[in-house]
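Subject: Structure handover and what was found in it

Dear colleague,

I am passing the structure below on to you, together with some notes on what was found in it. Please keep it open beside this message as you read.

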Amino acid sequence: MAEPDEGVGTPCPACGTPNPPGRRFCRRCASELNPTAKPAPLPWWRTVWPLRRRVRAGSGRAVRFLVILAVVAALCAGGLLLLPAGRALVEDTRDKLGKPKPVTPVGIEASAEVPRHPATNTTDGLNNRYWAAPAPGASVTYTFRKPFRLVDLIITNGASASAEAYARQARALQLDLEVTTQDGKRHHKQLSLSDKPGPQTIPTGISDAKTVRLVLRSPVGLTGGRHLALAEVEFFQRS
């Protein structure tokens with residue numbers, strides 16, 4: 001049987017020695033003749049996550065860093081933008097879970113009032129006595145001893161909770177609400193009232209309220225000999 005020619009065959013990738021077909025290792029240096037191909041390096045975008053990945057591409061490091069920096073900046077900006085909304089949601093939830101309790105102002109001052117119908121009538125607990133204002137645009141300001149979370153207002157419009165007495169005087173169907181907080185910030189809101197006797201509850205949800213000012217707008221029934229009437233204003237804080 002003829003001996004295979006040792007000078008013919010696949011050269012060793014390490015030393016170049018020819019090897020007969022079928023050999024797995026070089027007959028001279030024992031190097032592997034058909035080494036397994038190494039996997040190609042991963043693209044940079046596949047090395048960003050998870051961070052513990054050890055196989056990294058050799059290029060794209062600067063781009064990868066910029067992308068990570070942009071993502072972190074976007075997350076921080078989103079958190080700052082959502083923070084006020086999240087805080088408002090928490091406060092609103094606490095308002096709903098708690099039971100509001102009444103709070104009484106220590107000072108009441110009106111810009112105008114008809115004799116025998118002072119603005120102090122709006123907090124006396126009687127819905128058949130009222131504050132009478134001669135014209136729209138008149139205002140009443142309530143001052144409180146210490147700041148509180150104003151959860152609700154309950155307003156009894158007109159001269160009385162009685163339907164017959166209610167119709168005897170004019171009513172304001174809109175009120176401008178201005179709440180001044182302890183730090184001097186002012187919150188404005190326009191309140192719409194139904195033209196009917198009885199209490200009407202208006203959610204507010206304003207923290208650190210120190211003064212509350214109401215301005216009478218949109219009168220109905222204001223004819224000769226009549227005046228704008230507001231029977232009762234009740235304030236509620238979070239318990």
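A pocket, as the word is used here, is found on a 1 Å grid over the protein atoms alone and is an open set of points with protein on both sides within 12 Å along at least five of seven lines, whereas a cavity is a set of points where a 1.4 Å probe fits but cannot get out; lining residues have an atom within 4 Å of a point. Grid points are joined across faces, edges and corners, and a volume is the space filled by probe spheres set on the points.

Please bear in mind that this is a predicted model, in which local features need pLDDT of at least 70 and side-chain atom pairs count only at pLDDT 80 or more, while totals for chains, interfaces and linings use all residues. Residues are numbered from 1 along each chain as its sequence is written, and side-chain values use heavy atoms, with hydrogens and water left out.

The second largest pocket holds about 160 Å³ of space. Two elements give two or more residues to its lining, namely strand S3 (101–103) and strand S10 (228–237), and S10 gives the most, with five residues. Among the lining residues are Pro102, Val103, Thr123, Glu232 and Phe236. By class, the lining has six nonpolar, two polar and two charged residues, where Ala, Val, Leu, Ile, Met, Phe, Trp, Tyr, Cys and Pro count as nonpolar, Asp, Glu, Lys and Arg as charged, and the others, Gly among them, as polar.

As for the chain as a whole, the protein has two helices and ten strands, which are DSSP runs numbered from the N terminus (helices H or I, at least four residues; strands E, at least two). From the N terminus on, the order of these elements is β-β-α-β-β-β-β-α-β-β-β-β. Of the 239 residues in the protein chain, 32% are buried; buried means under 20% relative accessible area, exposed over 50% and partly exposed in between, with a 1.4 Å probe and protein chains only.

Strand S7 (residues 171–181) deserves a look of its own: eight of its eleven residues are buried, so it is largely enclosed by the rest of the structure. S7 runs antiparallel to strand S9 (residues 199–220), to which ten bridges join it, two strands being paired if DSSP finds at least two bridges between them. Within that pairing, leucine 177 stands opposite leucine 214 in S9. S7 also pairs with strand S8 (residues 186–192), in the antiparallel sense and over seven bridges. These two strands, S7 and S8, form a hairpin with four residues between them, and glycine 184 in the turn has a positive phi of about 90°.

Serine 192, which lies in strand S8, is the bridge partner of glutamine 174. At 56% relative accessibility, serine 192 counts as exposed. Leaving out residues up to four places away in sequence, serine 192 touches Leu173 and Gln174, a contact meaning heavy atoms within 4.5 Å.

Isoleucine 155, in strand S6 (residues 139–157), is by contrast buried, with a relative accessible area of 0%. Residues that isoleucine 155 touches, not counting those up to four places away in sequence, include Leu175, Leu191, Gly198 and Glu232. Isoleucine 155 and glycine 198 are 43 residues apart in sequence and 8.2 Å apart in space, C-alpha to C-alpha.

With kind regards
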